[in-house]
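Below is a short report on a single protein chain.

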Amino acid sequence: MRTLPTLGKVYLVGAGPGAADLITVRGARLLEQADIVFHDALVEPEMLELCTHAVKVPVGKRCGQLSSAQHFINKRMVDAAGQYQIIVRLKGGDPMLFGRADEEIQALKGAGIAVEVVPGITAALAAAASIGQSLTLRGVSRSVAFVTLAQAPEVTQNAHAVLPMQNPCADTLVYYMGRKDAAKIAQRLIDQNNPHTPTTPVQIMEAVSTARERLWSSTLGQLAQGKADSWFESSSPALIMVGQALQNTSLNLERSSSKIDNGLQDSLLLTHGQRRA
């Protein structure tokens, strides 16, 4: 009697915010053991060096660029489970936050393939650590909301799709993938005026925890006026943090590698070139 081949197991692993040494111990061990790794576009090259024996397959999505359709990524993982024993889907940050993990899990389970999620550090927490400022503050901020206005292409093409949250209500707001809508986001929050005003502090982090990390520090009013539009680097992931809990960040930052760009009259620009795993 012919024995059916044993299907492999898929691990959805959070790569963390960028730096290779911020992945979890479990995640790093799985990368070393993996037979094949399907990785996001924003995963750092140093992270992929941990995949010593694996076949590496880029499947990530980049805003405004051609990328792998989600159903195609799902199919490739299902197919890989019939050929390999340890399959890693390496996702930036934490797999369960804005990463379409639910779709991948359902596709794998539907095909009878075992799947396990290995959490990672999401960019918002890494950014707070980098600037040395908590997203919460006793007496000031008791709530934090992680928000994205981004939608998948198949959703934006649907005229009847549910619109994304327009005015989230929390003391501290962290916007993922909000670069192209930064000024609009700021203006909406000012118009809402609860609890955010033109003087509310804003911290924008790019390429958190990598050698390319940068900080733009200003106010919601300046952001609404488009003051950060020309500062953004289109190839780097950006995180927009808003709230009174962030008010002292630019005053307390002390970094040996920091430098101030005096050309930005209404904001503080800091670069960090020493954090690289």
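The report starts with whole-chain values and then turns to details.

This is a predicted model. The chain holds nine helices and 11 strands. Its other overall values are tabulated here.

| Property of the chain | Value |
|---|---|
| Residues counted as buried | 48% of 277 residues |
| Contacts joining residues at least 24 apart, among those between residues at least 6 apart in sequence | 69% |

**Helix α7**

Helix α7 spans residues 182-192. Its buried residues are A182, A183, I185, A186, L189 and I190. Seen down the axis of α7, these residues fall within an arc of 160 degrees, so they line one face of the helix. What do they pack against? The partners are β7 (172-176), α8 (220-224) and β10 (238-242). On the other side of α7, K184 and D191 are exposed. N193 follows the helix, and its phi is positive, near 60 degrees.

**A nonpolar surface patch**

Six side chains need naming here: F98, I121, L125, V144, F146 and M177 form a nonpolar patch on the surface. Together they have about 480 Å² of accessible area. One of them, I121, sits in the loop between β5 (115-118) and α5 (123-131). Why does I121 count as partly exposed? Its relative accessibility is 33%, and the partly exposed class lies between the buried limit of under 20% and the exposed limit of over 50%.

Technical notes
Residues numbered from 1 in each chain as written. Predicted model: local features only at pLDDT ≥ 70, side-chain atom pairs only at ≥ 80, totals over all residues. Heavy atoms only, no water. Patch = residues over 30% accessible without salt bridge, like charges linked within 9 Å, V, L, I, M, F, W, Y side chains within 5 Å. Areas by Shrake-Rupley, 256 points an atom, 1.4 Å probe, with all protein chains shown as cover. Salt bridge = Lys/Arg side-chain N within 4 Å of Asp/Glu carboxyl O. Helix = DSSP H or I, 4+ residues; strand = E, 2+ residues; numbered from the N terminus. Buried < 20%, exposed > 50% of the residue type's maximum accessible area, 1.4 Å probe, protein only. Contact = heavy atoms within 4.5 Å. Arc of directions from axis to C-beta.
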